[in-house]
Amino acid sequence: MSVEVVSFYGLAALALAGAVAMLAFVRDGVAAVLSLLVVFVSLSGIHALLGAHAVAALQLVVQAGASLVLVLFVLLLSGRRAQALGPRDPGMVVIKAAGAMAALAAGVALAGTVSATMPVAPASQVASGGVDALGLRLFTAYVVPIEALGMLLLAAAVASLGLSREEGAP
Amino acid sequence: MIPVEHVIGLSAALFTIGVVGALVRRSLLAVLMSLELMLAAAALAFVGFDRVWADRVLAGAVRGQVFALLALTVAAAQLAVGLALVLANARNRDSANAEDLSVLKW
């Protein structure tokens, strides 16, 4: 039981607990966002364990650092008006829960059919997954998707500005 | 050695929790957060398979990490536009309930 294996299962348990907690905090929006933060930090740790250091760092910076902060901004700016949730439909809860259990079972069963001859090597054995190799591949073989992503981000920024503008404001 | 089916199983479980959250939660912000969780689970699946194939194909093959970065970036763009929509919705009507957006419902 090496350190990597133990920490993988610990981080996986933390990620699952955070995801379930995010669903469980119905009244408290800030607690739900913080649970999702726990999930993202755990996932970032798992990425680092699997040798994807750039993905781990970017997940911390982009998802945990920018996306969740944006969600917190909108949550706290929408204020009390946005908390009125309306009446709950009791009949659908059982159906939704049953569907969720079935989907979870199907997903995990599907994951189990992945061939057992594909082990994951510990990160210390792999010298090729580092940031250098990723950067080289990104800007030689994958430059078109990177540029397309840049345009997507520009379009998203312009769209968010346009959508959140008030009527008549510059 | 972490077996790859455990990584993919974790990704499947997180994705399913995200799907459940997107369907069950009534607040629009919670739906957006569940969508983020789904894309993060997909990025984990990409990285898990990348770790498998990077040892077998050639050194420096980092396709899985590239696609994980794609998934993260698309998640960020989607969240930005979604939050702008939530803000516009919260400004025009007083509720952030996803079931109140029913003008197009039959």
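A: The accessible surface of chain B comes to about 4200 Å² (Shrake-Rupley method, 1.4 Å probe; for residues, only the protein chains shown count as cover), and carbon and sulfur atoms hold 68% of that area. Chain A exposes about 9500 Å², with 75% supplied by carbon and sulfur atoms. The model is predicted, so local features need pLDDT of at least 70 and side-chain atom pairs pLDDT 80 or more, whereas totals for chains, interfaces and linings use all residues. Residues are numbered from 1 along each chain as its sequence is written, chains are lettered from A and ligands numbered from 1 in the order written, and side-chain values use heavy atoms, without hydrogens or water.

Of the 106 residues of chain B, 61% are buried (under 20% relative accessible area; exposed is over 50% and partly exposed lies in between, with a 1.4 Å probe and protein chains only). In chain A, 33% of the 170 residues are buried. Chain A has six helices and one strand (DSSP runs numbered from the N terminus: H or I of at least four residues for helices, E of at least two for strands), in the order α-α-α-α-β-α-α from the N terminus.

The part for a close look is a nonpolar surface patch formed by Val41(A), Leu58(A), Leu60(A) and Val61(A). Together these residues have about 310 Å² of accessible area. Patch residues have over 30% relative accessible area and no salt bridge; like charges are joined within 9 Å and nonpolar side chains (Val, Leu, Ile, Met, Phe, Trp, Tyr) within 5 Å. A salt bridge is a side-chain nitrogen of Lys or Arg within 4 Å of a carboxyl oxygen of Asp or Glu.

Helix α3 of chain A (residues 53–78) gives the most to this patch, with three residues. Val41(A) has its place in helix α2 (residues 29–49) of chain A. Because its relative accessibility is 41%, Val41(A) counts as partly exposed.

The axes of α2(A) and α3(A) come within 8 Å and cross at roughly 175 degrees (lines fitted to C-alpha atoms, for helices over the stretch in contact, with angles from 0 to 180 degrees between N-to-C directions). The two helices, α2(A) and α3(A), are therefore roughly antiparallel (over 145 degrees; under 35 is roughly parallel, 65 to 115 roughly perpendicular, the rest oblique). Residues of α2(A), including Val41(A), meet residues of α3(A), including Leu60(A), in contacts (heavy atoms within 4.5 Å).
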